[in-house]
Amino acid sequence: MAGRLQDKVALITGAGQGIGEAIARAFVAEGARVVVAERNAETGQRIANEIGALFVGCDVTVQADIEAAVTAADQRFGRIDVLVNNAGANVFHRPLEMPRSEWARCMALDLEAAWAMSEAVLPGMRKRGAGSIINIASTHGFKIIPHTFPYPVAKHGLIGLTRSLGIEFAAEGIRVNAIAPGYIETEIARAYWAGFPDPEAERKRAMAIHPPGRIGRPEEVAMTAVFLASDEAPFINAETIVIDGGRSALYHD
Ligand SMILES: NC(=O)c1ccc[n+]([C@@H]2O[C@H](COP(=O)([O-])OP(=O)(O)OC[C@H]3O[C@@H](n4cnc5c(N)ncnc54)[C@H](O)[C@@H]3O)[C@@H](O)[C@H]2O)c1
């Protein structure tokens with residue numbers, strides 16, 4: 001039986017672990033041909049080998065790496081149908097205690113890289129009159145937790161980028177959407193809990209503040225990415241889908 005992404009070519013950034021890895025696995029399971037564009041050669045190569053994807057070493061904040069990744073994908077598969085801008089990192093500070101270099105690091109990775117990758121794949125998508133770009137934003141793209149500056153600034157910007165590019169290229173058959181995950185159980189979350197005197201208590205607290213009594217799983221973000229990348233979402237454009245178990249609909253935490 002054909003998969004929901006049968007023969008689509010998808011380039012996924014930061015797919016060496018966490019949410020990006022889950023997206024890469026789900027895409028391959030649905031018949032896509034996947035390019036793992038990852039800065040960490042060890043994890044990126046391992047995941048690519050495991051799922052039969054093409055690994056390309058790529059730091060998404062380096063223009064030459066972006067161009068090399070897109071060229072490698074084109075050479076192997078002839079096109080890129082789907083771009084998933086997933087690579088990102090928490091950059092959390094109190095604003096006035098933040099070195100200016102941290103602002104630049106955050107904007108380069110969590111915002112500008114998504115534009116630079118899009119800029120590199122859009123000409124091919126326009127030529128074919130088809131394409132889907134999916135940006136992994138965050139619930140930090142709507143709401144603010146104190147002392148997480150400037151990550152939410154970048155994620156608000158990423159949602160703005162999604163809406164802007166979605167409108168610019170809609171008439172050319174290209175859709176640009178975002179996913180805004182809430183609290184998802186990845187290495188980042190586990191490392192965060194490990195920083196507390198009682199990591200298990202902090203983990204339980206995280207579960208308890210979510211209406212379903214648990215946090216999200218990377219596979220649940222991946223399922224939405226499959227949907228947005230597929231032909232099941234042809235009229236969904238310039239939209240952001242929140243995946244947080246309803247937490248952001250709560251009046252109070
Ligand atoms: N985990 C969460 O709870 C959560 C919630 C909301 C949004 N997000 C977003 O989801 C995305 C993935 O997060 P995650 O939790 O899976 O993180 P993660 O740290 O587990 O994985 C991020 C991956 O991106 C790679 N990466 C980092 N910088 C890179 C660069 N410059 N070039 C190429 N690759 C790079 C890392 O090597 C890693 O493999 C991020 O954009 C993050 O902001 C995560």
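What share of the contacts in the protein with a separation of 6 or more comes from residues 24 or more positions apart? Such pairs account for 70% of those contacts. The model is predicted. The protein has eight helices and nine strands.

**Overall build**
- The protein has 253 residues and a radius of gyration of 18 Å, which agrees with the value near 18 Å for a compact globule of that length.
- Its C-alpha trace spans about 50 × 45 × 35 Å along the principal axes.
- Of the 253 residues, 41% count as buried.

**Ligand shell**
- The ligand is surrounded by 29 residues.
- The closest are Gly14, Gly18, Ile19, Arg39 and Gly88.
- Two helices, α1 (18-29) and α6 (187-194), each give at least two residues to this shell.
- Sorted by class, the shell holds twelve nonpolar, 13 polar and four charged residues.

**Cysteine 58**
- Cysteine 58 sits in the loop that runs between β3 (54-57) and α3 (63-77).
- Is cysteine 58 buried or exposed? Cysteine 58 is buried, because 28 other C-beta atoms lie within 10 Å, and 20 or more is the cut-off for that class.
- Leaving out residues up to four places away in sequence, cysteine 58 touches Thr13, Ala37, Glu38, Arg39, Asp65, Ile66 and Ala69.
- One of these contacts, Arg39, is also among the residues closest to the ligand.
- Asparagine 40 lies 18 residues from cysteine 58 along the chain, and their C-alpha atoms are separated by 8.2 Å.

Key:
Residues are numbered from 1 along each chain as its sequence is written. This is a predicted model: local features need pLDDT of at least 70, side-chain atom pairs count only at pLDDT 80 or more; totals for chains, interfaces and linings use all residues. A residue is near a molecule or strand if its C-beta atom, placed from the backbone, lies within 6 Å of it. Helices (H or I, at least four residues) and strands (E, at least two) are DSSP runs, numbered from the N terminus. Ala, Val, Leu, Ile, Met, Phe, Trp, Tyr, Cys and Pro count as nonpolar, Asp, Glu, Lys and Arg as charged, and the others, Gly among them, as polar. A residue is buried if 20 or more other C-beta atoms lie within 10 Å of its own, exposed if 12 or fewer, and partly exposed in between; C-beta atoms are placed from the backbone. Two residues are in contact if their C-beta atoms, placed from the backbone, lie within 7 Å. The radius of gyration is taken over C-alpha atoms; the globule rule is 2.2 Å times the number of residues to the power 0.38.
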